[in-house]
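Visitor: I have a few minutes and a list of questions. Take me through this one, please.

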Amino acid sequence: MFNLIAVLAVAGQSTWKKVRPIVVRDAVLLPAAGFLGVIILWWFIATFLTNLMPTPVEALIANLDYILNPFYRRGPGNLGLGWLLLASLRRVLIGFGLGALVAIPIGFLIGMSKQALLALNPLIQIFKPVSPLAWLPISLAIFNLADPSAIFVIFITSLWPTIINTALGVSSVNKDYIDVARVLEMPRWRQITKIILPASLPYIFTGLRISLGIAWLVIVAVEMLTGGVGIGFFVWDEWSRLNLSSVFLAVLVIGLTGLVLDYAVGNIQELVTHRPKS
């Protein structure tokens, strides 16, 4: 037994020596080269093409307070970047969650019923291309408040990818499975829960990931127009002060947050479907 363990350890060590350069290159060196290229381009533009942009070092120094103290409170409206990010995330998750609760059942209905497809598909094709900001005046007219209006815009714009992908997943289920279920006289609800839903989950999660990305994209633009507490308004407020150092920090935070959100949903997908995330 000891000899077997020793052999396996030596084999594993030998394999790791061969694989390690590839792992280091793909996971560390190539991404680092990409980031370094962006930083060099930023430095070149800030140094030679414009006087408004700070260099990367200047931006880092100017943003040290935001970075080191993300959750400070220094009076009304003077909040750290962490609080602003949490406020935007709350709006996104509420609007996205409500959208998913509506979109998934509608997608199932469209995928399972030709009549529903004929009735709802024209509406989807009409409303899907509408710019998110076009919904903002309508939502402000309905709610007359910035916060629920922003949530409504998130809700309405996150519907379409989830509806479309859910309907595609449901309609793509192998008809042989449905025929066997009918022969076995399986109730409709059991067909949905035992056959259609498991087969459609990869499509549903693809739609959810796209919808969440759109929701996070939209909230920044909406908050720029509605004001209040949020990462989007922070970007606009700092630009109005010509404080581009803080704008660059906000752009980085927005991008990293979007990456984390997509990574989280991808891991939930892998956990639920037991399939590698795409």
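Visitor: Where is the place of leucine 86?

Guide: Leucine 86 sits in helix H4, which covers residues 81-112. A word of caution: the model is predicted.

Visitor: Is leucine 86 buried, exposed or partly exposed, and how do you know?

Guide: Its relative accessibility is 43%. Buried means under 20% and exposed means over 50%. The value for leucine 86 lies in between, so leucine 86 counts as partly exposed.

Visitor: How far is leucine 86 from valine 229 in sequence and in space?

Guide: They are 143 residues apart in sequence. From C-alpha to C-alpha, leucine 86 and valine 229 are 9.5 Å apart in space.

Visitor: Now the whole protein. How many helices and strands does the secondary structure have?

Guide: The count is 11 helices and 0 strands. Read from the N terminus, the elements run α-α-α-α-α-α-α-α-α-α-α.

Visitor: What percentage of the residues count as buried?

Guide: Of the 278 residues, 36% count as buried. As for contacts between residues at least 6 apart in sequence, 63% join residues at least 24 apart.

Visitor: Why is glutamate 238 called buried?

Guide: The limit for buried is under 20%. Glutamate 238 has 3% relative accessibility, so it counts as buried. Its place is in helix H10.

Visitor: Which residues are in contact with glutamate 238, leaving aside neighbours within four places in sequence?

Guide: They are Tyr66, Asn243, Ser246 and Val247. Contact here means heavy atoms within 4.5 Å.

Visitor: Let us turn to rings. What describes a pair of aromatic rings?

Guide: Two values do: the distance of the centres and the angle of the planes. This structure holds 10 aromatic pairs.

Visitor: What makes the pair of phenylalanine 127 and tryptophan 135 tilted?

Guide: Start with the distance. The ring centres are 5.7 Å apart, and a pair needs centres within 6.5 Å. Next, the angle. The planes stand at 55°. Under 30 degrees would be stacked, and over 60 would be edge-to-face.

Visitor: Are phenylalanine 127 and tryptophan 135 buried, exposed or partly exposed?

Guide: Phenylalanine 127 has 33% relative accessibility, so it counts as partly exposed. Tryptophan 135 has a relative accessible area of 11%. That is under the 20% limit, so tryptophan 135 is buried.

Visitor: Which residues do ring pairs link into a cluster?

Guide: Trp43, Phe44 and Phe48.

Visitor: How do you know that arginine 73 lies over the face of tryptophan 83?

Guide: Arginine 73 is at 4.3 Å from the ring centre of tryptophan 83. The distance limit is within 6 Å, and the charge must also be within 35 degrees of the ring normal. Arginine 73 is listed as lying over the face.

Visitor: Where does leucine 145 lie, and why is it called exposed?

Guide: Leucine 145 is in the loop between H6 and H7. Its relative accessible area is 54%, so leucine 145 is exposed. Leucine 145 and threonine 226 are 81 residues apart in sequence, with their C-alpha atoms 8.9 Å apart in space.

Visitor: What is phi of leucine 242?

Guide: It is positive, about 60°, although leucine 242 is not a glycine. Leucine 242 lies in the loop between H10 and H11. With a relative accessible area of 53%, it is exposed.

Methods: Residues numbered from 1 in each chain as written. Predicted model: local features only at pLDDT ≥ 70, side-chain atom pairs only at ≥ 80, totals over all residues. Heavy atoms only, no water. Helix = DSSP H or I, 4+ residues; strand = E, 2+ residues; numbered from the N terminus. Buried < 20%, exposed > 50% of the residue type's maximum accessible area, 1.4 Å probe, protein only. Phe/Tyr/Trp six-rings, centres within 6.5 Å; stacked < 30°, edge-to-face > 60°.
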